[in-house]
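Please look over the sequence and the three-dimensional model shown below before reading on. The report then takes up selected residues, the backbone and the ligand site in turn.

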Amino acid sequence: MNAPFITQSIPRYASAEDLIAREQPAEPTYILWPEKFRVAARRFLDAFPGDTLYAIKSNPHPYILELVWSAGIRHFDTASLAEIELVRGRFPEAHCHFMAPVRQVGTAKTAFEKFGITDYVVDCDFELDKLISETGGGKKLRIFVRIATPLGGALLELSSKFGTTQEDAARLLKRVAEAGAVPGLTFHVGSQCLSPFSYAQAVEMARRTAQMAGVEITALDIGGGFPAAYSNNDVPPYHWYFDTIRESVNTLPNPKKVKLMCEPGRALIAEGVSLVTQIILRKGDKLYMNDGVYGSFDELTLPGWNADYPVRVFGVNAKGEAVSKAGGPRPFHVYGPTCDSLDMLPRPLMLPENIGPGDFLLFENIGAYSIALRTNFNGFLPDRWAIAGN
Ligand SMILES: *Cc1c(COP(=O)(O)O)cnc(C)c1O
């Protein structure tokens, strides 16, 4: 029998306004939107021509895992034993894939023997040797060699730490095939990738790599990187991504024989979570909020990041209703609640000029990384949850 779904015990509201009016929360509160999780998952399950793995590092919270699972996702990109245990502990029939190219000593052995994980990634001889020796020869494995891709349309690059050149990947791919494992290729075009063409370019690099190796690949994992809708970021229509990927995969020698996989993190969960914060103090154009960069807003501070979460402001009127404040926007510096001067949003926010203490900010599309990266620095850990809509 399945355990009751833990999200059923979270307080439920008709809307964000309903929550703000009834609770006037003094602590930051995450709002989960199950319907938005379903829409995000359907985008992939209906249109991506392969398996969709949820990259759980983007938000491993048990509520999020449950909503992703309920939305129909059954495959998980896990990068540690702890992530595997988390997924399997909750969903014993989940398919886990170990898609990190570096592993602690002994991790692959446990993942293989205890959890039956057969998908792994490598980008160098050392990790390939270790993987083969820890899993008793590698014959039962599918091993993906990761290639580095140029920074095309992504905000955050993911190819300087991991991934190797096409020449080196070709050599490793040959070694994988010689070891008797199923040979695959993988890449990550970078996170919040605004250009579908980046995927086509990377698939072409994979095609050349396999050709150079003289190995026919039967698995291609195109990684994550699919974007979420933020302010200052124009997200192309999703079908452009899937059309581009399908077209480029068709240039492989035997496309029908290639098992395709993708590993979206952000795109499956960003839009399903909003955050309500409260202004606790205003000094001129400085606003002090009850959440900051040590809480939910860390990702905004990453080098190269220029997106912001869409935000709306609400006050509560004399009748106890949440009303939108929209007057004369002007830029405000927004500080978090800790004693650290660095606890400040990196870009000013355009907010109504009559904003003040007691007002609520509703940040949208905040589900990715934010929650995974929060700390309890200075005793402030945002951890109140609500659910809204269907
Ligand atoms: C972080 C990561 C992902 C998820 O990336 P998103 O940009 O959130 O989609 C997928 N695969 C790997 C290997 C990753 O490191």
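In which segment is the place of T7? T7 has its place in the segment before β1 (12-13), where strands (E, at least two residues) and helices (H or I, at least four) are DSSP runs numbered from the N terminus. The model is a predicted one, in which local features need pLDDT of at least 70 and side-chain atom pairs count only at pLDDT 80 or more, while totals for chains, interfaces and linings use all residues. Residues are numbered from 1 along each chain as its sequence is written, and side-chain values use heavy atoms, with hydrogens and water left out.

**Two side-chain polar contacts**

T7 counts as buried because its relative accessibility is 8%; buried means under 20% relative accessible area, exposed means over 50%, and partly exposed lies in between, with a 1.4 Å probe and protein chains only. The side chain of T7 is joined to that of E66 by a polar contact of 2.6 Å. A polar contact is a pair of N or O atoms within 3.5 Å; within protein, one atom must be able to donate a hydrogen and the other to accept it, and residues adjacent in sequence count only if both atoms are side-chain atoms.

S296 has its place in the loop between β14 (286-289) and β15 (311-316), and S296 is classed as buried because its relative accessible area is 0%. A polar contact of 2.5 Å links the side chains of S296 and D291.

**Backbone with positive phi**

Most residues other than glycine have a negative phi, and most peptide bonds are trans. Helix α1 (residues 16-23), in which A16, D18, L19, I20 and A21 are buried, is followed by Q24, whose phi is positive, near 40 degrees. Q192, although not a glycine, has a positive phi of about 50 degrees; Q192 belongs to strand β10 (residues 191-193) and is buried, with a relative accessible area of 0%. N232, also not a glycine, has a positive phi of about 65 degrees. Is N232 buried or exposed? N232, whose place is in the loop between β11 (219-221) and α9 (238-249), is exposed because its relative accessible area is 57%.

**Helical residues and their separations**

The table lists C-alpha to C-alpha separations for residue pairs.

| Pair | Apart in sequence | Apart in space |
|---|---|---|
| A47 and Y120 | 73 residues | 25 Å |
| K130 and V105 | 25 residues | 8.1 Å |
| E113 and I222 | 109 residues | 27 Å |

A47 is found in helix α2 (residues 34-47) and is partly exposed, its relative accessible area being 24%. A206 has its place in helix α8 (residues 197-213), and A206 counts as buried because its relative accessibility is 0%. K130, in helix α6 (residues 125-134), is likewise classed as buried, at 15% relative accessibility. E113, which is found in helix α5 (residues 107-115), counts as exposed because its relative accessibility is 52%.

**The ligand site**

Which residues come nearest to the ligand? Of the 14 residues around the ligand, those that come nearest are K57, S191, G225, E263 and Y369, where a residue is near a molecule if one of its heavy atoms lies within 4 Å of it. By class, this shell holds 4 nonpolar, 5 polar and 5 charged residues; Ala, Val, Leu, Ile, Met, Phe, Trp, Tyr, Cys and Pro count as nonpolar, Asp, Glu, Lys and Arg as charged, and the others, Gly among them, as polar.

The ligand sits in the largest pocket. A pocket is found on a 1 Å grid over the protein atoms alone, as an open set of points with protein on both sides within 12 Å along at least five of seven lines, and a molecule sits in a pocket if more than half of its atoms lie within 2 Å of its grid points.

An oxygen atom of the ligand lies 2.4 Å from a side-chain N or O atom of S191, and an oxygen atom of the ligand is 2.8 Å from a side-chain N or O atom of K57. For R266, a backbone N or O atom is 2.9 Å from an oxygen atom of the ligand. Taken alone the ligand exposes 390 Å², of which the protein buries 91%, the accessible areas coming from the Shrake-Rupley method with a 1.4 Å probe.

Terms used
1 Å grid on protein atoms, 1.4 Å probe; cavity = no way out; pocket = protein on both sides within 12 Å on 5 of 7 lines; lining within 4 Å.
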